[in-house]
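Reader: I am new to reading protein structures, and I would like to go through this one with you step by step. Could we begin with the overall layout and then turn to single residues?

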Amino acid sequence: MCRSGSEFSLREDPVLAGLREETAALPDRIMQILPEEAQFLALLIRLTRARTVLEIGTFTGYSSLCMARALPAGGELITCDISEEWTTMARQAWQQAGVADRIDLRLGDAVETLDGLLLERGPDCVDFVFIDADKAHYPEYYEQSLALTRPGGLLVLDNTLWSGRVTDPAVQDADTLGVRKVNRTLLEDQRVDLSMLPMADGVTLARKR
Ligand SMILES: C[S@@+](CC[C@H](N)C(=O)[O-])C[C@H]1O[C@@H](n2cnc3c(N)ncnc32)[C@H](O)[C@@H]1O
């Protein structure tokens, strides 16, 4: 029996594997997306021909690195986080992989960073968004990202199953409430086409109409 589909599908080079191993030594290592999901994001970027990508939640840079590599020549990834420490690791990996020149890291609270981006570039300036920061603010990140995304662009939200806690009414912490609220909004939201994939911890795709 096959132990894992990864042995037939995962393409992880030494830079990515090294970053994953380095991150695995951190207490917060669970925050990194699965390599299979990162590979999927890269595929989506290529399929949608995205040139300007926004990521909310950089951590140590694994997802950013995969997405940056998928960009066409002249493409850019804007990624934001509040942690100087984790993003220092990210910068090192991007340098090592030769993609640092196409990544614009913005340090600070994501709500403020996205407001700043909207002022700076106006609406519809982004082709693709990956939302993966603190879950309590997912509803705000979704609204801000939708404004920043061009019609036809794609928004990807991570952890939308939140280990099943979204369906358990007994769970009422801020993160669970944030994911639950954004899921309800998405379901009713006629501004987007929608699909929730039960991969990893739940990955929701929303295409702006
Ligand atoms: C789940 S991790 C991101 C994982 C990353 N996408 C990856 O796959 O390696 C969430 C990140 O969101 C950041 N974060 C938490 N609250 C934030 C906020 N208010 N503004 C910006 N970033 C925030 C954390 O510092 C953390 O690095």
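Predicted model: local features only at pLDDT ≥ 70, side-chain atom pairs only at ≥ 80, totals over all residues.

Reader: In which sense, parallel or antiparallel, do β5 and β7 pair?
Author: Strand β5 covers residues 149-158 and strand β7 covers residues 203-208, and five bridges join the two. Across this pairing, leucine 157 stands opposite threonine 204 in β7. The sense of the pairing between β5 and β7 is antiparallel.

Reader: Which residue of β5 stands opposite phenylalanine 130?
Author: Strand β4 is joined to β5 by five bridges, and these two strands run parallel. Seven of the ten residues of β5 are buried, so β5 is largely enclosed by the rest of the structure. The residue of β5 that stands opposite phenylalanine 130 is valine 156.

Reader: What is the bridge partner of methionine 196 in β7?
Author: β6 and β7 pair in the antiparallel sense over six bridges. They form a hairpin with five residues between them, and in its turn alanine 200 has a positive phi of about 50 degrees. Within β7, the bridge partner of methionine 196 is threonine 204.

Reader: How many of the residues of helix α4 are buried?
Author: Helix α4 spans residues 62-70, and its buried residues include Tyr62, Leu65, Cys66 and Met67, as well as Arg69. Helix α4 is largely enclosed by the rest of the structure, because the number of its nine residues that are buried is nine.

Reader: How many residues of the shell around the ligand are charged?
Author: The ligand is surrounded by 19 residues, of which the closest are Gly57, Phe59, Ser63, Ala110 and Asp134. The elements that give two or more residues to this shell are α4 and β2 (76-81). Sorted by kind, the shell has nine nonpolar residues and six polar ones, while the number of charged residues is four.

Reader: Is phenylalanine 59 buried or exposed?
Author: Phenylalanine 59 sits in the loop between β1 (52-56) and α4, and its phi is positive, at about 55 degrees, although it is not a glycine. A residue counts as buried if 20 or more other C-beta atoms lie within 10 Å of its own. Phenylalanine 59 has 24 other C-beta atoms within 10 Å, so this residue is buried.

Reader: How many other C-beta atoms lie within 10 Å of aspartate 124?
Author: Aspartate 124 is found in the loop between α6 (110-121) and β4 (126-131). Although it is not a glycine, aspartate 124 has a positive phi of about 60 degrees. Aspartate 124 is partly exposed, and the number of other C-beta atoms within 10 Å is 14.

Reader: What distance separates the C-alpha atoms of tyrosine 138 and aspartate 13?
Author: Tyrosine 138 lies in helix α7 (residues 138-148) and is buried, with 29 other C-beta atoms within 10 Å. Not counting residues up to four places away in sequence, tyrosine 138 touches Ile131, Leu157, Gly178, Val179 and Val182. Tyrosine 138 and aspartate 13 are 125 residues apart along the chain, and their C-alpha atoms are separated by 31 Å.

Reader: How far apart in space are valine 166 and lysine 181, C-alpha to C-alpha?
Author: Valine 166 lies in the loop between β5 and α8 (174-188), and it counts as buried because it has 22 C-beta neighbours inside 10 Å. Beyond residues up to four places away in sequence, valine 166 touches Leu161, Thr176, Val179, Arg180 and Asn183. Valine 166 and lysine 181 are 15 residues apart in sequence, and their C-alpha to C-alpha distance is 9.1 Å.

Notes
Residues numbered from 1 in each chain as written. Buried ≥ 20, exposed ≤ 12 C-beta atoms within 10 Å, placed from the backbone. Helix = DSSP H or I, 4+ residues; strand = E, 2+ residues; numbered from the N terminus. Near = placed C-beta within 6 Å. Nonpolar A, V, L, I, M, F, W, Y, C, P; charged D, E, K, R; others polar. Pairing = 2+ DSSP bridges. Contact = placed C-beta atoms within 7 Å.
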